[in-house]
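Subject: Structure handover

Hello,

Please find the structure below. My notes on what was found in it follow.

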Amino acid sequence: MILVSDRMQQGYSYRLTAKMGAEFDEAFTPFHTPAEMLALGVFEGKYLNDCRDEFPAAWFDEAKLSETADVAKNYFGIKSRQPLRHWQDKGWIYGPDPRGWFQWYCRYYMGRRLTDIDQIQIKRWRGFARHAGQIRANCYPGDVFCRPRQRQALLQWAYDPFI
């Protein structure tokens, strides 16, 4: 049982019912683990800073974190995130994960399963693949300087941005 107590969520708890990093829905095949994403540089270093106790300490060993949003922390060095308020206004926050998709992915990766919420988030993740298609259609293979904003977004959705 994981008990959550951070700035955005208190008194929430969840049970891990799958092995960490395993037993994923067959439609969900992320390229990067949460630890890899944090080490590569996502969300301008401003994510999960106040809820590190909920997740394995090893995830943060190489993480690029910052107390304030810093685009230099992103792998591609560009701004590529919207404020949480934007996500809330668009209705993109689902279930018990007030920080959005990446928080859901971290909890899913750890072994939490919530069938209805998982299906919504996996569908959203699959829909994000269109950005990889844009890179394939408009960039030479391996040219990581082509479409850096889309590449950063792919990284933040656990896709391979180096296609």
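**Aromatic pairs**

By the rule used here, the count comes to 24 aromatic pairs; rings of Phe, Tyr and Trp (its six-membered ring) pair if their centres lie within 6.5 Å, and planes under 30 degrees apart count as stacked, over 60 as edge-to-face and the rest as tilted. The pair of Phe55 and Trp59 is stacked, because the ring centres are 5.5 Å apart and the planes are at 10 degrees. Tyr105 and Tyr109 make an edge-to-face pair, with 6.1 Å from centre to centre and 80 degrees between the planes. Both of these tyrosines lie in helix H3 (residues 101-110), 4 residues apart, or about one turn of the helix. Helices (H or I, at least four residues) and strands (E, at least two) are DSSP runs, numbered from the N terminus.

This is a predicted model: local features need pLDDT of at least 70, side-chain atom pairs count only at pLDDT 80 or more, and totals for chains, interfaces and linings use all residues. Residues are numbered from 1 along each chain as its sequence is written, and side-chain values use heavy atoms, with hydrogens and water left out.

**Nonpolar core**

The largest nonpolar core has 39 residues; such a core is a set of buried Ala, Val, Leu, Ile, Met, Phe, Trp, Tyr and Cys residues joined through side-chain atoms within 4.5 Å. Buried means under 20% relative accessible area, exposed over 50%, and partly exposed in between (1.4 Å probe, protein chains only). Leu48, Phe55, Trp101, Phe102 and Tyr105 have the most contacts inside this core. H3 gives the most to the core, with 8 residues. Tyr105 has 1% relative accessibility, so Tyr105 counts as buried.

**Salt bridges**

How many salt bridges are there? The count comes to 8, a salt bridge being a side-chain nitrogen of Lys or Arg within 4 Å of a carboxyl oxygen of Asp or Glu. One of them joins Arg107 and Glu54, with the closest N and O atoms 2.6 Å apart. Arg107 lies in helix H3 and Glu54 in the loop between H1 and H2, so this pair ties together parts that are 53 residues apart in sequence. Both Arg107 and Glu54 are buried. Asp50 and Arg99 also meet in a salt bridge (2.7 Å, N to O). Salt bridges that share partners join Asp6, Arg7, Asp50 and Arg99 into one network.

Regards
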